[in-house]
Amino acid sequence: IDKSDVVKIKLYSHTRNYFTGVVRQVPTDGSTDDAYVYSGYGLSEYFKRLNSYEYLQTTKTIAYIVTDILTTLVIPNVPSISRVDNYIDPPALTLSSFKGHYVQVDDMLDALVKIANSTGTEYMYGVDHDGAFFFRPRSSDVVATVSTGRSGNYGIPDYKPVDSSEERSKIIVLKKDGTFLTTLDGAGDPDIFEEEVTGPDVSDADLLLWATGILKDKERTLRSATVVWDMFVDSP
């Protein structure tokens with residue numbers, strides 16, 4: 001295993017990849033350590049390492065822009081990432097203009113996600129366990145289950161879900177040059193919180209969509225959970 005190698009990890013005899021990533025650190029020759037340690041990161045991390053230069057699209061759909069970014073900026077530099085067209089499923093929105101002037105590809109995709117979220121549907125982007133790029137709505141399908149309250153050899157697991165939301169009562173929207181555009185009011189109490197955001201280099205109409213996506217993200221209820229085992233040892 002060498003630096004920059006792509007590693008695909010499977011668990012036991014499962015046929016699907018559990019994780020796909022790139023090796024970034026390998027043991028040094030001559031080391032006398034008891035264990036050889038390798039480390040790296042997932043393919044999505046490359047979005048933070050790729051930069052656009054003078055990228056500009058006018059009167060194009062989000063689907064067109066996302067696909068163009070993938071084919072012109074990402075895949076030529078990261079051939080481990082592949083394109084699957086039905087994994088690119090953004091809303092049918094056409095942007096007046098979209099410019100990336102020496103910014104990270106990650107920031108460009110993040111701005112597009114926020115604009116897509118203005119529709120009220122939560123979108124996400126990244127690279128899956130097979131190395132395929134996706135930009136699509138977050139799935140509501142159950143992908144994992146946990147059984148709680150059942151005795152086992154090592155204890156009884158407790159499932160502790162938590163719902164949280166971060167209400168923003170007012171978002172003050174600034175253009176990329178710092179000038180004021182508008183103020184968006186959320187559903188929260190007017191005295192709770194005000195936040196100032198500076199948008200990407202897009203038209204005023206598209207910037208309003210971007211800020212609306214931020215507001216919906218802030219007010220969306222998020223569920224997280226922990227599973228806790230009370231460990232005990234059975235008597236003989």
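Predicted model: local features only at pLDDT ≥ 70, side-chain atom pairs only at ≥ 80, totals over all residues.

**Notes on helices and core**

1. H3 covers residues 204-219, 16 residues in total, and spans 23 Å from its first C-alpha to its last. That is close to the 22 Å expected at 1.5 Å a residue.

2. Which residues of H3 are buried? They are Asp206, Leu207, Trp210, Ala211, Gly213, Ile214 and Leu215. The cover over the buried residues of H3 includes helix H2 (105-117) and the strands S5 (94-101), S9 (170-174), S10 (180-185) and S11 (194-198).

3. Next, the core. The largest nonpolar core holds 43 residues, and Ile69, Phe98, Phe133 and Phe135 touch the most other members. Two or more residues of this core come from each of helix H1 (62-74), S5, H2, strand S6 (123-127), strand S7 (133-137), S9 and H3. H2 gives the largest share, eight residues.

4. Phe133 deserves a click in your viewer. Beyond its neighbours within four places in sequence, Phe133 is in contact with Phe47, Val66, Leu70, Ile81, Ser82, Val84, Tyr87, Ile88, Leu109, Tyr125, Gly126 and Val127.

5. Now for the pairing of H1 with H2. Their axes lie 11 Å apart and the helices pack at an angle of about 165°. Because angles over 145 degrees count as roughly antiparallel, H1 is roughly antiparallel to H2. The crossing of H1 and H2 is left-handed.

6. Which residues of H1 meet H2? On the H1 side they are Ile62, Ile65, Val66, Ile69, Leu73 and Val74. Their partners in H2 are Val105, Met108, Leu109, Leu112, Ile115 and Ala116.

Technical notes:
Residues numbered from 1 in each chain as written. Heavy atoms only, no water. Helix = DSSP H or I, 4+ residues; strand = E, 2+ residues; numbered from the N terminus. Expected span 1.5 Å × (residues − 1). Buried < 20%, exposed > 50% of the residue type's maximum accessible area, 1.4 Å probe, protein only. Contact = heavy atoms within 4.5 Å. Core = buried A, V, L, I, M, F, W, Y, C linked by side-chain atoms within 4.5 Å. Axes fitted to C-alpha atoms, helices over the stretch in contact; angles between N-to-C directions. Parallel < 35°, antiparallel > 145°, perpendicular 65-115°, else oblique. Left-handed = near helix turned anticlockwise from the far one by under 90°.
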